[in-house]
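Please open the model in your viewer and keep the selection panel at hand.

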Amino acid sequence: MQHASGDKRFKILEVHMKKHLFRQDALIEVLHKAQELFGFLDDDLLLFISCKLKLPPSRVYGVATFYHFFTLKPQGEHTCVVCMGTACYVKGGDKVLAAVQQEAKIKAGETTPDGKVSLLTARCIGACGIAPAVVYDGTVTPRQTPESALQHVKGWLKNGS
Amino acid sequence: MDLNDLLQIKEKELAGRKKYVLRCCMAAGCVSSNSEQVKIELDKAVKAAGLDGTVEVRGVGCMRLCCQGPLVQTDPGEVLYQRVNPEDAAGIVAALNGGKAKVAQGDPNHPFFKKQFSIVLANSGIVDPERIETYIAADGYKGLHDVLHEMTPKDVTDSMVASGLRGRGGAGYPTGLKWATVAKSPGDKKYVICNADEGDPGAFMDRSVLESDPHSVLEGMAIAAYAVGADQGYIYVRAEYPLAISRLQTAIKQAKQLGLLGSGVFESPFNFTIDIRIGAGAFVCGEETALMASVEGRRGTPRPRPPFPAESGLWGCPTLINNVETFANVPTIIRKGAQWFADIGTEKSKGTKVFALAGKIKNTGLIEVPMGTKLREIVEDMGGGAPDGRIKAVQTGGPSGGCIPADALDTPVDYDSLTKLGSIMGSGGMIVMDESTNMVEIARFFMEFCMDESCGKCIPCRAGTVQMFHLLEKITQRKATARDLKQLEELCDMVRNTSLCGLGQTAPNPVMSTLRFFRNEYEALLQSENYPDAKRQPAEPAKQ
């Protein structure tokens, strides 16, 4: 059975599930793959997974909402993850976050209304030796200050490229 | 694969060694400072100088001094270049034949390096984590061979008991005892799990071990599996560690190809496969029963113990769960003998401990020291003290630990001494704070963490952390009175004694330890009883 939309990504996801022999205990692995393909997990996608793995939708939704890594809302074009681990925090990670929040006019966990930038916080990315660290679009960047972070984010807010 | 094949790989690797090795740090800290490009440029520079035959540029694991990355070290010569830029490559290669490169050099004789004693990190910064041959050349997998062919499972657990190794995940449960319990538990199917869900903020030891020397963890797991009678292993890694995950995948693949994992390991009847399970960002999954629920693909909520995982764990089967660092100790203990290991450290805490040194300290990075080393030696001699101002406190054990005040810095670091101070050894995060740090603010920070990470299964933790957070917030906003502080203390006691799992039981620790040593900071923020807000209920409903 194919997904009604004909979207190829569903096919790729199904192949991935097959690799795990449609085992129900592979649910977290499957959700990881789904988020990698689609960027976020919407209801339709979760239902597709629950159907394929023969799991109740409540179970799939329950797991997807339990873990911080999974997001049920679309993310912005760019992501800025400010590490708020203890080492980054005592070295001024909170000030970096406050500066970005003020500039982008959003709070941590939100996306700008134009969908350009998502601002997130991390519990600890294990880069404590180079604190405070910020992850811009997946690239860990060491020793950030409010100024250097703003420089990075301002560019995105302006032209979004 | 038999012993001869293993020795042949070792011989070949050692014989093929070039005259110079340029070791370039490729652990996550240095990679984010652009060390990949440095390595590419070094390779180019070697080619350009026509030194292909005599110089090898090797990507290695963590070289400890993360704050000065990217790091490059020459072997022989032991010159340590710091903050290397890709443009410096030609200069570094030219300096191999005498002369001096115009790059900042570190002092390899600094106490930061000299006071280290490496067991877990012995290969870190030396072997190439992406080539199994370099691990074998450092006597890797020799221990596994000896175990399979010369020891019975009981011999193995006995020598773990004799070594006195205790779990490095934080609680310090004797490893040998745990192995013996799993070995004795009846059941045909048993599992070995490596807990690599290093969730404590400020801790990166396990990440570094996995990125720098993944094979030592695999070998340790295989030895454990033989000892307890398991044939399937899982490594549960955080999704936040992509580099560690990819190095592990490579390592498992290479070990399988050589017949060091899979069926009939070293031509013995022992079978062992290892699969990786990737976490999805839940701190509570570091708790063993929650971790197993997550491996089974469910919400990571803990359950009451007993039954302990050793009797009924993954899918109801006896399961051995150990931390990354614990497993990484195993191959060396087997190779050098339990007695050798038991001679290191203190009476009740044997061996070494890896710490992640971070925060307001000059030298941040990874250190491994014998148990019983004084905290002062670590933060002042090795760490170089706080760059501006005096050290005020050292936080150990993350959100489950406590703050040790500066006047207790002469405490030896071992499980029991730290517990006496109201902190814990924890997994090894060590955050130094100087006088600009507000301790009430730190307590609030950790409580917010525990509040967010509480899984919500048991009420003391779910509701208690919220109430404590709001009380702390009220104190930091100077709206609280002595009555609020008393209530906070009562709540600490209640949450600690009635929560289901370690997360809740230890959540009050940062508050209690800061109250113990820095009570004056709390009291300075309090208002008198007739403050207008005092009569108001202390906590607002949670705004989630």
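**A tour of chains A and B**

Begin by selecting chain A, which is divided into domain 1 (8-66) and domain 2 (78-159); these bounds come from an automatic or database domain assignment. The C-alpha centres of the two domains lie 30 Å apart. This is a predicted model, in which local features need pLDDT of at least 70 and side-chain atom pairs count only at pLDDT 80 or more, while totals for chains, interfaces and linings use all residues. Residues are numbered from 1 along each chain as its sequence is written, and chains are lettered from A and ligands numbered from 1 in the order in which they are written.

A cartoon of chain A shows seven helices and four strands (DSSP runs, numbered from the N terminus: helices are H or I of at least four residues, strands E of at least two). From the N terminus, their order is α-α-α-α-β-α-α-β-β-β-α. Of the 161 residues of chain A, 39% count as buried, that is, with 20 or more other C-beta atoms within 10 Å of their own, the C-beta atoms being placed from the backbone.

Next, select the contact between the chains, to which chain A gives 33 residues and chain B 38 residues (two residues are in contact if their C-beta atoms, placed from the backbone, lie within 7 Å). On the chain A side, α2 (27-38), α4 (57-66), α5 (86-90) and β4 (139-141) each supply at least two residues. That side of chain A comprises 20 nonpolar, nine polar and four charged residues; Ala, Val, Leu, Ile, Met, Phe, Trp, Tyr, Cys and Pro count as nonpolar, Asp, Glu, Lys and Arg as charged, and the others, Gly among them, as polar.

Now move to chain B and select helices α18 (residues 439-453) and α22 (residues 509-517), whose axes come within 8 Å and cross at roughly 170°. The axes are lines fitted to C-alpha atoms over the stretch in contact, and angles run from 0 to 180 degrees between N-to-C directions. α18(B) is therefore roughly antiparallel to α22(B), a description used for angles over 145 degrees. Met439(B), Val440(B), Ile442(B), Ala443(B), Phe446(B) and Met447(B) of α18(B) meet Pro510(B), Val511(B) and Thr514(B) of α22(B). The residues of this contact are eight nonpolar, one polar and no charged.

Methods: A residue is buried if 20 or more other C-beta atoms lie within 10 Å of its own, exposed if 12 or fewer, and partly exposed in between; C-beta atoms are placed from the backbone. Angles under 35 degrees count as roughly parallel, over 145 as roughly antiparallel, 65 to 115 as roughly perpendicular and the rest as oblique.
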